[in-house]
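Please keep the sequence and the model open while reading.

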Amino acid sequence: MNNKRRIDLVKLDKLLRDGKSQRDAAKVFGVTEAAISLARKQLKRRIVRTVGLEKANEVVNNHLDMMSQLRKINNAINAELTRAQESVEGANGRDRLAVQEIIIKLSAEIRRQLESQLKIVEVWHDMKIVAEFQEEVLSVLDEMEPGARERVIGKLQERSALRGTIAFS
């Protein structure tokens with residue numbers, strides 16, 4: 001416990017990034033190589049968690065940005081549709097048919113925009129469900145065998161199966 005307090009994870013990260021060995025880092029902190037190894041694992045978990053949160057934030061921001069853009073486009077199309085509907089009342093003959101054709105095209109575009117919004121929401125919802133499922137599985141594993149969560153995450157990291165968009169807490 002005392003060794004953990006003496007090891008500054010930020011400083012350890014800098015040393016390791018600068019190419020220092022665990023033995024060198026142990027000398028700097030005045031601890032054993034085993035203590036450095038444990039601190040390094042703790043550092044790795046924090047980095048994975050941070051990257052996961054950053055990616056989640058990026059996904060949220062992009063999702064909100066896309067929805068905002070679709071809303072702007074949808075508002076513009078609706079405004080054009082309203083203008084077209086107003087002008088169809090005063091039109092006659094060929095003009096009326098041309099305006100009605102525009103209304104049909106604008107209506108189809110609104111439908112496509114709504115489909116896009118629905119697809120984005122579905123993907124977002126699926127990502128949320130997958131993240132909740134992963135969290136539940138890891139929690140159950142940890143309840144069944146304490147420490148299993150960290151071992152599973154470690155194994156996935158070893159196999160490079162852990163993606164930056166997944167945040168394990």
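The model is predicted. The second largest pocket holds about 280 Å³ of space.

**Second largest pocket**
- Ten residues line the second largest pocket.
- Lys-41, Lys-44, Arg-45, Gly-154 and Gln-157 lie nearest its centre.
- Helices α4 (33-90) and α6 (148-158) each supply at least two lining residues.
- The largest share of the lining, six residues, comes from α6.
- By class, the lining has seven charged residues, two polar and one nonpolar.

**Gln-113**
- Gln-113 counts as buried because its relative accessibility is 8%, under the 20% cut-off.
- Its side chain makes a polar contact with the side chain of Glu-109, at 2.8 Å.
- Beyond residues up to four places away in sequence, Gln-113 touches Leu-70, Ile-73, Asn-74 and Ile-77.

**Phe-29**
- Leaving aside neighbours within four places in sequence, Phe-29 is in contact with Arg-6, Ile-7, Asp-8, Lys-11, Leu-12, Leu-15 and Ile-36.
- Lys-11, one of these contacts, is 18 residues from Phe-29 along the chain.
- The C-alpha atoms of Phe-29 and Lys-11 are separated by 9.6 Å.

How values were computed: Residues numbered from 1 in each chain as written. Predicted model: local features only at pLDDT ≥ 70, side-chain atom pairs only at ≥ 80, totals over all residues. Heavy atoms only, no water. 1 Å grid on protein atoms, 1.4 Å probe; cavity = no way out; pocket = protein on both sides within 12 Å on 5 of 7 lines; lining within 4 Å. Points joined across faces, edges and corners; volume = space filled by probe spheres on them. Helix = DSSP H or I, 4+ residues; strand = E, 2+ residues; numbered from the N terminus. Nonpolar A, V, L, I, M, F, W, Y, C, P; charged D, E, K, R; others polar. Buried < 20%, exposed > 50% of the residue type's maximum accessible area, 1.4 Å probe, protein only. Polar contact = N/O pair within 3.5 Å; in protein donor to acceptor, adjacent residues only side chain to side chain. Contact = heavy atoms within 4.5 Å.
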